[in-house]
Amino acid sequence: MIESSPSDAQRDAQRDAWEEDILATWGLNEPPFAELAADAYFFPSDQHLRALDFMRRVLCSRVPAGVLTAEQGMGKSLLVRSFVSGLDERILVAHSKRPELGTREFLMDILRQLGMELDPEDRSDHRLLLERYLNHQVSNGRICLLIIENAEAMRPQVLEELRHIGSFETDGARLIKLLLLGQPLLKHVIDSPRMSKLVPSDVPRVVIAGLSEDQLAAYVVHRLRVAGARDPDHLFPAALMPILQRLSGGVPATVNRLCTRALSLAAIVAEAAASSGALLLAAAQLGLDTSFEATAPEEMDEHTAPSNMESMLLVSVRGGVDGVVSLQENRMLIGRSELADVRIDSAFVSRYHALLVREPTQDLLLDLGSTNGVLVNSRRVVRHALRHRDLIQIGPARITYLNPGQVPGVVQDGSETIHFARPGAADVEHTVFAFGRFDDAG
């Protein structure tokens with residue numbers, strides 16, 4: 001199916017997911033970094049413009065096929081949509097992006113997109129039917145194009161069917177042009193001996209690389225401006241681009257996730273704009289590697305240094321970000337009690353469940369004799385010296401400890417206390433407390 005712009009209902013759902021108050025905080029009409037974006041959000045980077053030109057040349061030349069590869073999240077679907085929207089009525093296009101389809105469903109999907117509605121129970125020779133249809137269209141001066149997205153993930157039998165379709169000829173000319181799009185693995189698929197006739201070695205190929213730092217800056221500004229931001233440069237300062245480029249690798253989909261989360265976090269802590277602190281917190285929550293920040297501190301100045309380098313807790317109970325707790329007090333109580341600094345309203349959490357104690361060189365997490373215990377990185381502990389990006393689990397809550405300013409390679413507390421319960425034991429009487437660190441080899 002040729003992908004169209006997201007419907008109003010789809011975009012409204014995305015808007016609802018991105019809380020209205022966050023949109024209002026930043027003066028935006030809609031989420032600027034949504035996955036389902038309207039055509040207006042297409043950003044014409046140099047790489048994407050070259051890819052568009054490449055697809056046009058494949059269409060207008062005598063080559064039977066073209067191959068375009070890019071990492072996941074580089075915007076191939078939006079690129080195809082932009083390409084197809086510029087074609088005239090002489091071009092018949094079918095766009096397959098469902099690699100899970102079987103051979104019969106694949107052929108029926110192509111026929112339907114080309115204008116032939118078939119009964120689902122139809123048992124005719126669909127390949128022969130497609131060949132005759134293409135022959136008729138080409139004889140009437142039409143150009144037929146089949147775009148295959150995620151081609152590297154197609155079933156072997158469907159790839160074999162695609163090979164047959166690509167070999168349809170009349171008077172020595174191919175009846176249909178193929179445009180294959182996929183991730184880098186695609187090049188290994190089409191280089192296999194079985195696919196050599198479909199995609200000869202001389203078939204033109206192009207690779208879309210990640211966005212550079214300057215392109216990222218233009219991309220972010222473009223998206224914010226389309227979403228209604230009056231001052232995109234203030235909302236997401238250009239000084240953040242070196243960090244954003246390192247975290248994302250220049251992949252637009254990752255950029256979108258980072259920027260969405262960073263703006264949400266900045267709104268929660270009432271910052272005037274996105275900051276490197278919010279960006280690093282977003283990266284930590286998304287599971288991205290933030291280790292570069294500790295290895296290259298000299299590259300940060302007063303504009304790029306995180307605005308909140310102190311330790312903090314990122315609290316999630318319902319799957320999203322439910323709160324950011326800055327650790328400014330010497331002691332912070334975690335539990336179900338209304339007196340708790342971090343309150344978790346759940347029957348699985350004790351009234352006074354855990355205590356976080358701040359010391360000059362480290363932050364300690366202590367289990368206060370809770371019924372269901374405290375897990376850190378999936379291991380039950382009684383006393384634990386926290387490290388940047390430790391995941392704390394207390395009842396239904398997942399709490400990420402974030403301390404971007406922590407000295408890398410800090411030595412773990414030698415007196416850490418780990419709790420092991422004997423199989424089937426539920427009381428303290430049948431519990432083993434282990435002191436000190438354990439050597440994995442032991």
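This is a predicted model: local features need pLDDT of at least 70, side-chain atom pairs count only at pLDDT 80 or more; totals for chains, interfaces and linings use all residues.

Q: How many bridges join S1 to S6, and do they run parallel or antiparallel?
A: Five bridges join S1 to S6 (residues 177–182), and the two run parallel.

Q: OK, and what about S7, how many bridges does S1 share with that strand?
A: Four bridges there, with S1 and S7 (residues 205–208) again pairing in the parallel sense.

Q: Is S1 buried or exposed?
A: Buried: that goes for six of the six residues in S1 (residues 65–70), so the strand is largely enclosed by the rest of the structure.

Q: Which residues point which way from S1?
A: Ala-65, Val-67 and Thr-69 point one way, while Gly-66, Leu-68 and Ala-70 point the other way; all of them are buried.

Q: Switching to helices. At what angle do H11 and H13 pack?
A: About 5 degrees, with the axes 10 Å apart; H11 covers residues 241–248 and H13 covers residues 276–285. That angle is why H11 counts as roughly parallel to H13.

Q: Which residues meet there?
A: From H11 you have Ile-243, Leu-244 and Leu-247, and they meet Ser-276, Leu-279, Leu-280 and Ala-283 in H13.

Q: And how many of the residues in that contact are nonpolar, polar or charged?
A: The contact of H11 with H13 has six nonpolar residues, one polar and no charged.

Terms used:
Residues are numbered from 1 along each chain as its sequence is written. Side-chain values use heavy atoms; hydrogens and water are left out. Axes are lines fitted to C-alpha atoms, for helices over the stretch in contact, and angles run from 0 to 180 degrees between N-to-C directions. Angles under 35 degrees count as roughly parallel, over 145 as roughly antiparallel, 65 to 115 as roughly perpendicular and the rest as oblique. Contact means heavy atoms within 4.5 Å. Ala, Val, Leu, Ile, Met, Phe, Trp, Tyr, Cys and Pro count as nonpolar, Asp, Glu, Lys and Arg as charged, and the others, Gly among them, as polar. Buried means under 20% relative accessible area, exposed over 50%, partly exposed in between (1.4 Å probe, protein chains only). Two strands pair if DSSP finds at least two bridges between them.
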